[in-house]
Amino acid sequence: MKKLISLLLSVVMVFTVFSVALTSSVMAADTAEVTASESAAVMSIDLGGLKIPTSWDELGNVLLKSLYNVADQLIDVILKGLNKKIPAVQFEKKENFTSEMFFEGMEDYLSAPAANAVWSLGYGSASLQTGDELDGKHYVGGSLSFPKTKAATAIYDDQRVRVIAVNDGSGRGTIVFASLDAFGLSYPDVRGIRKELADFATANNIVGINISVLHQHSCVDTFGMNGDLLKMIFTNPALNVINNTFGTDYKLLNGQNESFMEHLYDVTVDSIKQAVNSMTTGKMYYSEIEAGEFIHDKREPMVYDTKVHRFRFVPDNGTKETWLCNMAIHCVGNGAAGTAITGDYPYYVEQEVNKAGANYIQIQGAELAITTSHSSLDIPEGTPRLESLKIYGTALGKHIVESDAAETEVAPLLNYRMKEYTVPVTNQILAFAGKLGALTNKVVATDDNNTELEVVTELGYLEFGTELAVAVIPGELEPAIAYGGYLDAENSWTGTDFDYTTLQEIVGTDKELLVFGLTNDQIGYILEDNDYSSILSGVNEEIVATGCSAGSTTINAFEELVDSIGR
């Protein structure tokens, strides 16, 4: 009832503002001479602090935004009601949650390399494909569409897992970074892979296992939400009733293919072991390769990292180099809703790096709405998208390989610490998907009615050498949260400021901040709270975000983590 009253009041307010604005403009026309340009203006009136628009354009924007907000409230009310009635997954109570297979990281923080410290690094890689991807039972990740009935219909190239294991020689342990060609991998699957490596990790003093995805919208669905929603809507509630009534554990339908996921676990575990077992000493070099011509930002505030951050490891024994490239560019070369499997542009970047005699691994940066730009490439009009992404990836790969950007040697120093935290689920669309069983994230309830939900996840702080810091983030981060440039009250959706420090400010000015995004979980888009917009306003990030407080919650957790280190 309160929500209904709120909706009615919102509608009344919208039309009140409209009426007052029109009345004021008529009064102004009757009492003063105006120029042609001024005749389009609306008088500014202060009604107890309520700002009345001063132009017809502004008025239109205010009215449209108000209507969007009313529609969002209506959708919210409907979905909340549905979420209370639908036979849902019974989530674990937050106070009963027990963490498993969480690697806290290194106990000791070093401000300088240990005596006789030296880098050691190993590499491993394997295909994630099984050969059964075209059996009609493998969905392609990348779009939350309804209904989605089409499984994979073609395989254009490979999708892989790539791994490095790295150690600074201080005796504090080895850290693993695995990067998958995949749309997403949630907390339970990350923890599942870690569990299979538990004994190996203990035996090899591994203090961190990090698993990222490159977020291809054209790979076999490993996240779960991109399956047949129609089947999930009609089947999963019945399974939930059975499970909740009889204590059974029937598997709910989602977009994951069970045999594909088993293979993914196996080859990821094997590749991690391969990387650890092949570790050799060497030197590490860092360079920043300007790549702005390849990158496009689709969303205000238009803050993004234009560089490819390359770590180049050169073994002492003269064997193959390994390049880690960190960049923020969405992998959407074949669109977000196709049925052809492709590793997208990273596959072709890797080919160029391999031709240069090096292993390749890529980790996504703060890529919220950052996508590819083809403006500098000679791609004929009408070129198929699959061919275009190949041209793009090849050009970007050559750009990286042929770069003459200055390199600096990275001192053998690795600091690493992780923190678990929870993010409130205020997005009722995502809550519905979670209750349905379409999502694979770890969700806990904070109330007895299974309605107030939070996602359990983790983030981290990492240092390479003495001048580079990394924020390890479990989703797609708005770059302004890392680097600054928040939208102010006048330009934000909510009309308020976002008074939070940035991750770079938390780290401090003595270190350059990089972002390893989509790592150890996929909680969706992480936006500034004041620019969490209407899902109907032409943006789509909000649809697959946990909600309006992911940004501030993540900033606070990161600040608590860095403060706890005492650096």
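Leaving aside neighbours within four places in sequence, which residues is leucine 477 in contact with?

Analyst: The model is predicted, so local features need pLDDT of at least 70 and side-chain atom pairs count only at pLDDT 80 or more, while totals for chains, interfaces and linings use all residues. Residues are numbered from 1 along each chain as its sequence is written, and side-chain values use heavy atoms, with hydrogens and water left out.

Contact means heavy atoms within 4.5 Å. Beyond its neighbours within four places in sequence, leucine 477 is in contact with Ala366, Glu367, Leu368, Ala482, Leu503, Val515 and Ile526.

Leu477 also belongs to the largest nonpolar core, which has 36 residues. Such a core is a set of buried Ala, Val, Leu, Ile, Met, Phe, Trp, Tyr and Cys residues joined through side-chain atoms within 4.5 Å; buried means under 20% relative accessible area, with a 1.4 Å probe and protein chains only. Together with Tyr461, Leu503 and Phe558, Leu477 touches the most other members of the core. Elements that each supply at least two residues of this core include β19, β20 (468-472), α10 (479-483), α11 (503-507) and β22 (512-516). The largest share, seven residues, comes from α12. These helices (H or I, at least four residues) and strands (E, at least two) are DSSP runs, numbered from the N terminus. Apart from this core lies another, of 34 residues, among them Ala165, Val267, Ala275 and Val276. In soluble globular proteins, nonpolar side chains tend to be buried together.

Technical notes:
Buried < 20%, exposed > 50% of the residue type's maximum accessible area, 1.4 Å probe, protein only.
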